[in-house]
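Q: I've got a new model open and need a quick tour. Can we go through it together?

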Protein chains: 2
Amino acid sequence: MSFVDEIIRSFDTSLIVNCWKYIFPVLVVCYLIIFLYDKHLYGSKKTKVAPVVESKQKIDGIEYVGEIDLYEFDPIPVLEEKEHIPFKGATVTLDADPRKAAARFYEIVNDRRSVRSFSTRPIDSTVVEKCIHAAGCSPSGAHTEPWTFCLVSDQNIKEQIREIIEAEEFVNYQQRMSKQWTTDLKPLRTNHVKQYLSDAPCLVLIFKQTYGFKADGSKKQHYYNEISTSIAVGILLCALQAAGLSSLVTTPLNCGPALRSLLGRPTNEKLLVLLPIGYAAEDCTVPDLKRKPIDRILVKY
Amino acid sequence: MSFVDEIIRSFDTSLIVNCWKYIFPVLVVCYLIIFLYDKHLYGSKKTKVAPVVESKQKIDGIEYVGEIDLYEFDPIPVLEEKEHIPFKGATVTLDADPRKAAARFYEIVNDRRSVRSFSTRPIDSTVVEKCIHAAGCSPSGAHTEPWTFCLVSDQNIKEQIREIIEAEEFVNYQQRMSKQWTTDLKPLRTNHVKQYLSDAPCLVLIFKQTYGFKADGSKKQHYYNEISTSIAVGILLCALQAAGLSSLVTTPLNCGPALRSLLGRPTNEKLLVLLPIGYAAEDCTVPDLKRKPIDRILVKY
């Protein structure tokens, strides 16, 4: 007699019916526990951060003490109501002729390569600051501007960042990344040693703010904060390139909390990317990669 | 007697012990089904797409028929091994003086505003194509270039896109978005009516490719495809601005599959953002918002 036959034979159907009498309430209780725990963690809708106010305060002239769920009240917008003003479109362009402007811009960004070998030659940090200022002009969901740019020029902090990242990257390359992933990176000749983190004259760590705070201290939802911050990174890359600086977009796997803590950033900020910035080393080489031709990235309708 | 007392009294403990004799194998079978289904969907590691080859092919000189898990073999890199060539850094900049270059770039992007009211005045579509070409110079995880730019100029297709989006946005504003979210958007004066989708001379729909395909037809993992594609969007915004064109970054909630299907894009592509592109309407207004000052986005170490 097979194993399956044995299981089927051993079933006493009346007993199963009896069982459900007991199991059903247990399942209901389990479901309730999970439901309440989930609600406790995420609020009544998963996409919204419960805007809980923790101290004595006035809302609409009435004073409340303790935790208050603001959803009981009319929500306060993250932005103040602003006057709408006329807008005529772009006034500052690269060239009065749009074709020439687009062609020149293409030349600038097409000249960019990811640099993994930096010169220790110092850079003018005010240039990087201006580039970050440009990145801050990025659009963002509901104009929440959910980004923080940490500009590290101090050699000692750069060395500490390198130590944290190399220790994690050693484990990443040995254990956490799939064999396929490490193979895919082979043509880029990367490994866990990140010399550029101490060589590059400055590092910019870009944090996405997963939520923010309103003037009254309550939480402010940051819609699409990862996409918004990544778009700002794209603008930063263009600005750096326009100013003749090289960079590299890195996503240090599993290093976020340690780096956040090192830089004393609050818990609502999560590391998105880290960019070493500077000039390419004298002996810098890059893989002879080609970009996809335009007809492989553009489809016209 | 309370309802809870009744439940407790009704428990026959010996029966519960008997029950488990039957329930245990059922639970084991359920667990196995879930485990195998999960493994089937995600492979042995959740972060990796199982690279399954579905037809007759040769690997290392041996011919295989049917599904083959490539992890049994030495993985093939997504990139070919390339020669490494010297790289001297940027040669095309905005200005020979890095400070002037950064300041000029800042002026260009600071001039950008999200435009929600477009003129129907035609634009030179070759300019938009060049801007997309520039966006394609974005860096990407393991140089996978995981993006597709769909440029829609056809009025009929634009109208169909508008119909799809307005129908979904009506439900979004009425039901799916939290009261807080719709309140947060009030200062931007948005609603489900998207006139700009048919007014703007062109729409660019940007899809992230969640995975790709190698030359042999097997799946290719696209690392960090959302961040990479968002960075490319940032570059596109700069290019459009440099060429004097206005745009708006939109994330049409729940419209991705319908729009993907309308444009005949494959299932590995997911809509990230949609940009109407053109010139601001004569009567265009924008909320009089201010950007955060530099010291609220930049922290120096």
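Q: Which residue is the bridge partner of A:C150 in strand 13 of chain B?
A: The partner is B:V299. This is a predicted model, where local features need pLDDT of at least 70, side-chain atom pairs count only at pLDDT 80 or more, and totals for chains, interfaces and linings use all residues. Residues are numbered from 1 along each chain as its sequence is written, with chains lettered from A and ligands numbered from 1 in the order in which they are written.

Q: What counts as a strand, and as a pair?
A: Helices (H or I, at least four residues) and strands (E, at least two) are DSSP runs, numbered from the N terminus. Two strands pair if DSSP finds at least two bridges between them.

Q: In which sense do strand 6 of chain A and strand 13 of chain B pair?
A: Parallel, over three bridges.

Q: What's the order in the open sheet of five strands?
A: 13(A)-6(B)-7(B)-11(B)-10(B), with mixed pairing. Strand 13 of chain A and strand 10 of chain B are at the edges with a single partner strand each, so each has one side without a neighbour in the sheet.

Q: How do strands 10 and 11 of chain B pair?
A: Antiparallel, over two bridges. There, B:S247 sits opposite B:I277.

Q: New topic. How many residues of chain B are in contact with chain A?
A: 119, and they meet 118 residues of chain A. Contact means C-beta atoms, placed from the backbone, within 7 Å. Helix 8 of chain B gives the largest share of chain B's side, 12 residues.

Terms used. Contact = placed C-beta atoms within 7 Å.
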